[in-house]
Amino acid sequence: MIEVRDLVITFNPGSPLERKALRGISLRLGEGDFVSVIGSNGAGKSTLLGAIAGDMLPTSGRVLLGGSDVTRLPAEARSRHVARVFQDPLAGSCGNLSIAENLALAASRGQRRSFLPALRQSRLSKIRARIEELNLKLEDRLDQPMGSLSGGQRQALSLVMATLAPSSVLLLDEHTAALDPRNAEFVLGLTRDLAARFRLTVLMVTHSMRHALDIGTRTVMLHEGRILLDVAGAERAGLTIEDLLDQFRRARGEALAEDRLLTG
Amino acid sequence: MSSIALLGAIELGLIYALVGLGVYLSFRVLDFPDLTVDGSFPLGAAVTAVLLVAGADPWVATGAGVVAGALAGFVTAFVTVRFGVLHLLASILTMIALFSVNLRIMGRPNIALLTEATVLTPWLSGGTFGGLVADEYVRPLFLAVVVLAAVALVAAFLRSEAGLAMRATGANPRMARAQGVRTGVQIIVGVMLSNGLVGLAGALFAQTNGFADVTSGVGTIVVGLAAVIVGETFIPRRRIFWALVGCVVGAVIYRLAVQTALSIDFLGLQASDLNLATALLVLVALVLPKLRHRVRTRAAS
């Protein structure tokens, strides 16, 4: 479903600011895989996600989605297959458009947009039904601007938006990092439900080792642009946060006292 | 103010309402400050005037004015999107270039349209539908119908799936791209639409006032901004339709205010003070919400 081959991304190549964000990553996700990606700051997690989404073009290597090579396609051309939720709750929606308009926008993601009213009845009832499922009492506020909602509400709606139009791949870039613990749990639970319901192939970047082990079917650890660990199944089930920290310690060869990783 | 002056102000207000709609599209919907309009307004007038003098059908001439305006918008948006030139700078370049282009099109700085048939001719006495409406009301009524049609069309577009994509492009381009919106195309189409409306305003200006002049575009952007901002003050509604009606109301109120100020003798204002007054008005309107916000946040803390 998602495949990257020998992916290398170098920012500002040849200049004093040169930074190798990805140093040759190969990763393959089958249909319905739910992969959690962890790693310290600068490990290349967000860059990997950006390369799959089409935000940045790789220096070398290939990106495949659903079997077809999309390495050179811009983000908007990949949106037919790829839905995304960003870390910043403000980034994934338009604050000055209404809730209904935001969802209508997402309902035709990757499709041709017609001159028919975006909020026609058939579509509105579909949108309303999906919002009612959330039990957030937002179905009566469809006319209100998205900007009037809390971060948790916006992330929950972003997830609904990501699953309104048919797609196969869901990319989550630390989408609970900006939320308080209670909202983060709610959004994570919703993520799990929706991924299962729509049989999505999910790549979730997270800062939390606990989430990386608890959620999904596979855990990938990045370090300095390389894959350090890639576990699934029984091997993954036996892993503890302590084991992950060990891996980091060994890779970095330094005390974790200075580490800024979240262990929660 | 005499009734002739009043009608004249309303008439000009309705013409600038089209400019207001265009500026709303670029400035508010796309967040693309576009000074091209200072050139596309006289461009629409010039193209229409030249074609009318050459004996073209008035509707064809008007249509050509619209297309010319849209092409001017295309140049600005294309340079911005394709070559990454700052939108403001790209539009200034187009505006400056259009001054020469307009002179070339007209062959001289000014063309009078006194005897040529215009889109208004059939409605004036002696025309096909003459006598239906008293002659002095023909121009404002005709313009009102055009403006209403423009508001209805633009509102329908902005509420459509395609229009929503354009609004998202201005509000959050990264999100728009993630939704599959080709933001570059949206900007080009939007700025073309905007300048097409301004070209239409120029074409109708030439026909209702009986002349086209290369200097008639100076300050078009500021008048358009004034229309948008005055409209938002008088009709502070979020719904697209009402925002567009606000542009129209804003343009008419603005022209009425100008006419009133000019007709009050003791103010000692001359027509040439207009640009200064407009600039001050727009400045105040732009700064006021920020000051109000600052006062509010200070009161809250």
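Which residue of β5(A) stands opposite A:Leu65? In this predicted model, A:Ser68 takes that place. Local features are described at pLDDT of at least 70 and side-chain atom pairs at pLDDT 80 or more, whereas totals for chains, interfaces and linings use all residues. Residues are numbered from 1 along each chain as its sequence is written, while chains are lettered from A and ligands numbered from 1 in the order in which they are written.

An open sheet in chain A has 4 strands in the order β2-β1-β4-β5, with antiparallel pairing. Strands are DSSP runs (E, at least two residues), as are helices (H or I, at least four residues), both numbered from the N terminus. Two strands pair if DSSP finds at least two bridges between them. β2 (19-29) and β5 of chain A each have a single partner strand, so one side of each lacks a neighbour in the sheet.

β1(A) is joined to β2(A) by 8 bridges. β1 (residues 2-11) also pairs with β4 (residues 60-65) of chain A, over 5 bridges. A:Ile2 stands opposite A:Leu65 in β4(A), and its bridge partner in β2(A) is A:Leu29. Helix α1 (residues 45-53) of chain A packs on the sheet and touches β1, β2 and β4 of chain A. Contact here requires C-beta atoms, placed from the backbone, within 7 Å. The direction of this helix makes about 115 degrees with that of β1(A). Axes are lines fitted to C-alpha atoms, for helices over the stretch in contact, and angles run from 0 to 180 degrees between N-to-C directions.

β4(A) and β5(A) (residues 68-69) are antiparallel and share 2 bridges. Their hairpin has 2 residues between the strands, and A:Gly66 takes a positive phi near 55 degrees.

The contact between the chains takes 24 residues from chain A and 18 residues from chain B. On the chain B side, α6 (161-171) and α7 (173-178) each supply at least two residues. The largest share, 7 residues, comes from α6(B).

B:Gly13 lies in helix α1 (residues 3-29) of chain B. B:Gly13 is buried (20 or more other C-beta atoms within 10 Å of its own, with C-beta atoms placed from the backbone), because 27 such atoms lie within 10 Å. Leaving aside residues up to four places away in sequence, B:Gly13 touches B:Ala251, B:Val252, B:Tyr254, B:Arg255 and B:Leu256. The C-alpha atoms of B:Gly13 and B:Ile253 are 7.4 Å apart, although 240 residues separate the two along the chain.

Notes:
Buried ≥ 20, exposed ≤ 12 C-beta atoms within 10 Å, placed from the backbone. Contact = placed C-beta atoms within 7 Å.
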